[in-house]
Amino acid sequence: MNKTSPEDAARALLRWYAEMGVSEAVEASPADFFAWPDAPPRSSQLDGALGTHAPPARPPTARAPIAPIAPSSAPSADEAIAAAEAAARACDTFDALDAAVRAFEGCPLKAGARTTVFTDGTPGADLLVIGEAPGRDEDRLGKPFVGRAGQLLDRMLAAIGRARETNALISNVIFWRPPGNRTPTQLEVAACKPFVERLIEITAPKAVLLAGGVPTQALLQVTGIMRARGVWREIETASGARFAALPTFHPAFLLRQPAQKRLAWADLLALQRRLTGD
Ligand code: URA
């Protein structure tokens, strides 16, 4: 009978984890990936363990213990939302709002993110695009939609004569990267929402393009992007202002499902018609 060596068994187990989508090993003590010099891309860490690449550099062995967070230091959900509402309401200009978002401590995601990712593009443009949340590239560079999905978004906008440098502003409903790019929770969305609504009020776009199901649910309270896309609706902010909004597919979804680009193109043409008044 064939006897499996412990090494082969460990490799088989790692390979199974990789196939299941596990891309990081978790150790007993927390690792600060930001403080890890020359960290290889996440996927190559497992590749290394599987022997398909040279093993990655080891993290520093002695790590400073992470201080426990006193439970009383974190605001409750209601306190965080109330603080966001007050801070957003106090802003009358884009620059003031930008500073208020960066100073805000009520969203739990901020503690695990490298940067605050608020907007990129042209404040005051008649088109505002709102996506979901920053990913790894956005967190690194501090700008929304700069990874692969962002490059596709730029190409989509260019197809209707739009660019962030000249006539579009881009943001998200969440300003800090959720760990592992997970979907933001309702509390995280609620804590950022007063700032998103104030951004819409201050920049007063002619149209808001909602990229994906998360911003569509957050700002229109409509679920199911398949049915919601392509249908004009109105965002009503807490102060009662109304803005035309068009849900469409998220570019990351289009990267996975290119056949759906046909429908996204129809949405872009509807957006262009609304913006140019044709
Ligand atoms: N996906 C988003 O929804 N927003 C970004 O900024 C990047 C990717």
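Visitor: How much space lies in the second largest pocket?

Guide: The second largest pocket holds about 710 Å³, a volume being the space filled by probe spheres set on the grid points. The model is predicted, with pLDDT of at least 70 needed for local features and 80 or more for side-chain atom pairs, while totals for chains, interfaces and linings use all residues. Numbering starts from 1 along each chain as its sequence is written, and side-chain values use heavy atoms, leaving out hydrogens and water.

Visitor: What makes a set of points a pocket, and which residues are closest to the centre of this one?

Guide: On a 1 Å grid, a pocket is an open set of points for a 1.4 Å probe, with protein on both sides within 12 Å along at least five of seven lines; lining residues have an atom within 4 Å of a point. Of the 31 lining residues here, Ala133, Gly135, Asn181, His250 and Ala252 are closest to the centre. Helices 5, 6, 8, 9 and 10 each give two or more residues to the lining. By class, the lining has 11 nonpolar, 11 polar and 9 charged residues.

Visitor: Why is helix 3 called roughly parallel to helix 7?

Guide: Their axes cross at roughly 10° and come within 8 Å. Angles under 35 degrees count as roughly parallel, so helix 3 and helix 7 are roughly parallel to each other. The contact (heavy atoms within 4.5 Å) includes Ile81 and Glu85 of helix 3 and Phe195 and Arg198 of helix 7.

Visitor: What makes helix 4 roughly antiparallel to helix 7?

Guide: Here the axes cross at roughly 170° and come within 10 Å. The cut-off is over 145 degrees, so helix 4 is roughly antiparallel to helix 7.

Note on methods: Axes fitted to C-alpha atoms, helices over the stretch in contact; angles between N-to-C directions. Helix = DSSP H or I, 4+ residues; strand = E, 2+ residues; numbered from the N terminus. Parallel < 35°, antiparallel > 145°, perpendicular 65-115°, else oblique. Nonpolar A, V, L, I, M, F, W, Y, C, P; charged D, E, K, R; others polar.
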